[in-house]
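Keep the sequence and the 3D view side by side as you read.

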Amino acid sequence: MGTTRTRARARESAGASARVVDVAVLGAGIVGCLTAREITRRRPGASVLLLDRDLVGGGASLRSAGLHTPRGATPAVREMTRFSQRFYTELHRDHPALPLHPVGMRVVAASSDEPRLRSDYLAEAGLAGTGELPGGVRLPDGLSAWAVRGSHYADVAGVARALAAELRTVAEVREAVRVEAVADGCDGVALRLGTGEELTAGRVVLAPGPWLTAAAWRPLLAPLGARVKKVAALHVNRRPEPGDPAVVFEREDAFLLPLPERGHWLFSYTCQEWDPDPDRPPDGLTGHDLHEAREVLRRYAPAMADDCTSGRVFCDAYSGTGEPVVRALGGGRVVFAGAANGSGYRLAPAIAARAADLMEFERS
Ligand SMILES: Cc1cc2nc3c(=O)[nH]c(=O)nc-3n(C[C@H](O)[C@H](O)[C@H](O)COP(=O)(O)OP(=O)(O)OC[C@H]3O[C@@H](n4cnc5c(N)ncnc54)[C@H](O)[C@@H]3O)c2cc1C
């Protein structure tokens, strides 16, 4: 749909006083920021509004461990991983000050898992069975360690903020502005904001992270079947050595990540608590969280397990298919982008590119 036509038609139906934009991106986490960036690059003339009820990068992105692993359990996720890896490499090359940190990686799994690992890890990751583990981490009997290339981790909120700063020259970024209603009409999508303002957007990208059940879009998102899960990681009170690699424990879907700039390691493990409310997020770690995570870590790094007394806890959106959801909803003007199953940082560039594909701009 041509942007000029969209604007004119929407203005007619919305009345002269209502503000009209070509695209509104709702949610300024890593997914929303990258999507807004992608749209402004594809359509330099379009008016783009990026809205968040909080500060940019203040949702799941703020709590993220930000690890990029060069793997995917399905062909679609591997393709998205490859895309995102290339994207982040180029972004970092062009903006070396971004808080993105290349890190070595070891993968610990049963020796018999090697064929699956070879299929899950990208060929360019160069999976090789020579992985030396960092000090304090041991290999239980029957397990092997492999080395892979191409991993990095990021301060995800820092990346989102830097992207938003750049975006401000070509788009409008509004913080502390909550979206209260989204209605897909014949001539555009009507938005009502917490500030009392009403506006019309030709297209909307919904990038709400774990806020799937916000009143503004609950009915729109219900058919997706996506759910919210608690995500927690412990901080290991131990300083990493220079060059220490991250270690992925395949069997438990857990990992150890050195964070030298924060002065500690992080241990991410899989929590199975479903449907927390992101407006009433878990109030810190529980004794159960600590116990559960330490039990897993103790198998590989007993001394580190004793050094875990704090961490980070929030929630994230899960699709139920293992693949992110990027889909046009209802009449087609609203696109949902997210539900990346705890991999929303590493897959965000590919999610953003797909969301922009679905914007279906015609040249006006
Ligand atoms: C502890 C933890 C560790 C993680 N580790 C990793 C990892 O190692 N690697 C990885 O790839 N992923 C990881 N993730 C997942 C990843 O961080 C998330 O998937 C990703 O940050 C989601 O980004 P997003 O932009 O979709 O959502 P968010 O960052 O949550 O952004 C959504 C935004 O929408 C805004 N919003 C919500 N409702 C409204 C409204 N009504 N009006 C306006 N704005 C609204 C929110 O304020 C928020 O800023 C982790 C997550 C957690 C919690």
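## Around the ligand

Helix 2 (30-42), helix 3 (60-63) and strand 16 each supply at least two residues of the shell around the ligand. Helices (H or I, at least four residues) and strands (E, at least two) are DSSP runs, numbered from the N terminus. Helix 3 gives the most, with 3 residues. The model is predicted: local features need pLDDT of at least 70, side-chain atom pairs count only at pLDDT 80 or more, and totals for chains, interfaces and linings use all residues. Residues are numbered from 1 along each chain as its sequence is written, and side-chain values use heavy atoms, with hydrogens and water left out.

The shell divides into 17 nonpolar, 10 polar and 7 charged residues. Here Ala, Val, Leu, Ile, Met, Phe, Trp, Tyr, Cys and Pro count as nonpolar, Asp, Glu, Lys and Arg as charged, and the others, Gly among them, as polar. Of the 34 residues around the ligand (a heavy atom within 4 Å), Asp52, Ala60, Ser61, Ser64 and Asp316 come nearest.

## Polar atoms and burial

Which ligand atom lies 2.5 Å from a polar side-chain atom of Ser61? It is an oxygen atom. A side-chain N or O atom of Asp316 is 2.8 Å from an oxygen atom of the ligand. Arg53 uses its backbone: an N or O atom there lies 3.1 Å from a ligand nitrogen. Taken alone, the ligand exposes 1,000 Å². The protein buries 97% of that (Shrake-Rupley method, 1.4 Å probe).

An open sheet of 7 strands has the order 6-5-13-14-15-12-16, with mixed pairing. Two strands pair if DSSP finds at least two bridges between them. Strand 6 (143-148) and strand 16 (308-318) are the edge strands, and each pairs on one side only.

Strand 5 (residues 105-110) runs antiparallel to strand 6, and 6 bridges join them. Arg106 stands opposite Ala147 in strand 6. Helix 8 (residues 287-298) packs on this sheet. It touches strand 12 (227-236), strand 14 (254-259), strand 15 (264-269) and strand 16 (heavy atoms within 4.5 Å).

An open sheet of 3 strands has the order 3-7-4, with antiparallel pairing. Strand 3 (67-68) and strand 4 (100-102) stand at the edges, each with a single partner strand, so one side of each is left without a neighbour in the sheet.

Strand 4 and strand 7 (residues 152-154) are joined by 3 bridges. Pro102 stands opposite His152 in strand 7. Helix 4 (residues 75-94) packs on the sheet, touching strand 3, strand 4 and strand 7.

Definitions and conventions:
Axes fitted to C-alpha atoms, helices over the stretch in contact; angles between N-to-C directions. Polar contact = N/O pair within 3.5 Å; in protein donor to acceptor, adjacent residues only side chain to side chain.
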